[in-house]
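The sequence and structure come first, and the description follows.

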Amino acid sequence: MHPQLEILLELQDLKAQKREMEEAAEEHSREIERKVFKVKPEDAVAQLEEKIEEMEAVLEPEVLKRYRLVAERRPRAVVPVLSGTCYGCFVDMPTASPKTNEDIRWCEHCGAFVYFVD
Ligand SMILES: [Zn+2]
């Protein structure tokens, strides 16, 4: 798999994790200290944020630009392609395109980065 594509997938995972932690942090601030958190959700969010910034800095400028654009509009900026169909928008990818994850590719229809799983 293209190293930039791997970073994109990891970024997407970290962002999902961050969203979960943000929700936990909100819950936590409302809650009277019943549960003992080993790491405060607020701190975990800050740490994830730091890691996300660190990883974004490794992305090539054009990749980062597209990533930010897509991530603003869609819950997932990187989506799998199964049986030739983009799972970001469920439109078929052009059949002529080779199924390889060695290049950075995106769906012409929804703009999401794609990786092939079959
Ligand atoms: Zn698509």
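The radius of gyration is taken over C-alpha atoms, and the globule rule is 2.2 Å times the number of residues to the power 0.38. For a compact globule of 118 residues this rule gives a value near 13 Å, but the protein chain has 17 Å. The model is predicted. Along its principal axes, the C-alpha trace spans about 60 × 25 × 25 Å. Of the 118 residues, 13% are buried.

The protein chain holds 3 helices and 4 strands, in the order α-α-α-β-β-β-β from the N terminus. Among contacts with a separation of 6 or more, 59% join residues 24 or more positions apart.

Two strand pairings involve β4, as the table shows.

| Pair | Direction | Bridges | Partner residues |
|---|---|---|---|
| β3 and β4 | antiparallel | 2 bridges | Trp106 and Phe113 |

β3 and β4 form a hairpin with 6 residues between the strands, where Gly111 takes a positive phi near 85 degrees.

The largest nonpolar core has 13 residues, and those that touch the most other members are Leu8, Ala77, Val78, Cys86, Ala112, Phe113 and Val114. Two or more residues each come from α1 (3–30), α3 (61–73), β1 (78–82) and β4 (113–116). β1 gives the most, with 3 residues. Beyond its neighbours within four places in sequence, Val78 is in contact with Leu8, Leu9, Gln12, Ala112, Phe113 and Tyr115. In soluble globular proteins, nonpolar side chains tend to be buried together.

Terms used:
Residues are numbered from 1 along each chain as its sequence is written. This is a predicted model: local features need pLDDT of at least 70, side-chain atom pairs count only at pLDDT 80 or more; totals for chains, interfaces and linings use all residues. A nonpolar core is a set of buried Ala, Val, Leu, Ile, Met, Phe, Trp, Tyr and Cys residues joined through C-beta atoms within 7 Å. A residue is buried if 20 or more other C-beta atoms lie within 10 Å of its own, exposed if 12 or fewer, and partly exposed in between; C-beta atoms are placed from the backbone. Two residues are in contact if their C-beta atoms, placed from the backbone, lie within 7 Å. Two strands pair if DSSP finds at least two bridges between them.
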